[in-house]
Amino acid sequence: MKLNKSYSIIYLFLIIIYVIGCTRDGAVIDDGTVTLTITTTPANGTTGIAINTNIVATFSVDMDPSSITVISSFTLVDSANNSILGAVAYSNKIATFNPTNDLAYNTTYTATISTSVMDLDGTPLASAKIWSF
């Protein structure tokens with residue numbers, strides 16, 4: 001009987017290790033969405049940025065590059081809600097929005113990364129990342 005109890009404890013331990021090992025690079029999967037950390041440059045609330053600044057979002061997990069586009073998933077608007085034209089590039093967990101023209105002085109901008117952005121497994125962000133500077 002002691003042998004059966006020992007095997008039960010070992011099986012329980014292996015199941016716990018398996019479950020813990022199934023998380024991906026800090027991402028937490030709950031309801032079919034991925035929750036992760038996104039750090040931004042410029043940071044939320046930053047003032048006095050250079051007018052030729054690129055907007056950068058760094059993800060804590062690898063994302064699907066095809067899901068990060070300027071058309072719908074990584075956007076920038078000014079304080080009058082005018083869309084800012086630009087190009088988006090993604091490499092090594094970093095998405096960069098490069099505005100076509102210099103940004104205006106003394107203007108607040110709002111950047112958004114929408115929930116259409118997905119990780120490599122096709123799981124969308126749990127919520128949009130929105131920040132202003």
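## Basis of the description

The model is predicted, and local features need pLDDT of at least 70, side-chain atom pairs count only at pLDDT 80 or more, and totals for chains, interfaces and linings use all residues. Residues are numbered from 1 along each chain as its sequence is written, and side-chain values use heavy atoms, with hydrogens and water left out.

## The largest nonpolar core

A nonpolar core is a set of buried Ala, Val, Leu, Ile, Met, Phe, Trp, Tyr and Cys residues joined through side-chain atoms within 4.5 Å. Buried means under 20% relative accessible area, exposed over 50%, and partly exposed in between, with a 1.4 Å probe and protein chains only. The largest such core has 22 residues, of which Ile-55, Phe-59, Met-63, Phe-74, Leu-76 and Ile-113 touch the most other members. Two or more residues each come from strand 4 (55–59), strand 5 (74–78), strand 7 (94–99) and strand 8 (109–113). Strands are DSSP runs (E, at least two residues), numbered from the N terminus.

Contact means heavy atoms within 4.5 Å. Apart from neighbours within four places in sequence, the contacts of Leu-76 include Ile-55, Ile-84, Phe-97, Leu-103, Ala-111 and Phe-133.

## Aromatic pairs

Rings of Phe, Tyr and Trp (its six-membered ring) pair if their centres lie within 6.5 Å; planes under 30 degrees apart count as stacked, over 60 as edge-to-face and the rest as tilted. The count by this rule is four aromatic pairs. One of them joins Phe-59 and Tyr-90, edge-to-face because the centres are 6.3 Å apart and the planes stand at 65°. Phe-59 lies in strand 4 and Tyr-90 in strand 6 (residues 86–91), so this pair ties together parts 31 residues apart in sequence. Phe-59 is buried at 3% relative accessible area, and Tyr-90 counts as buried at 19%.

The rings of Phe-74 and Trp-131 form a tilted pair, because their centres are 6.2 Å apart and their planes are at 50°. This pair links Phe-74 in strand 5 with Trp-131 in strand 9 (residues 129–132), 57 residues away. Phe-74 is buried, at 1% relative accessible area, and Trp-131 counts as buried at 1%. Phe-74, Phe-97 and Trp-131 form one aromatic cluster.

Technical notes: Helices (H or I, at least four residues) and strands (E, at least two) are DSSP runs, numbered from the N terminus.
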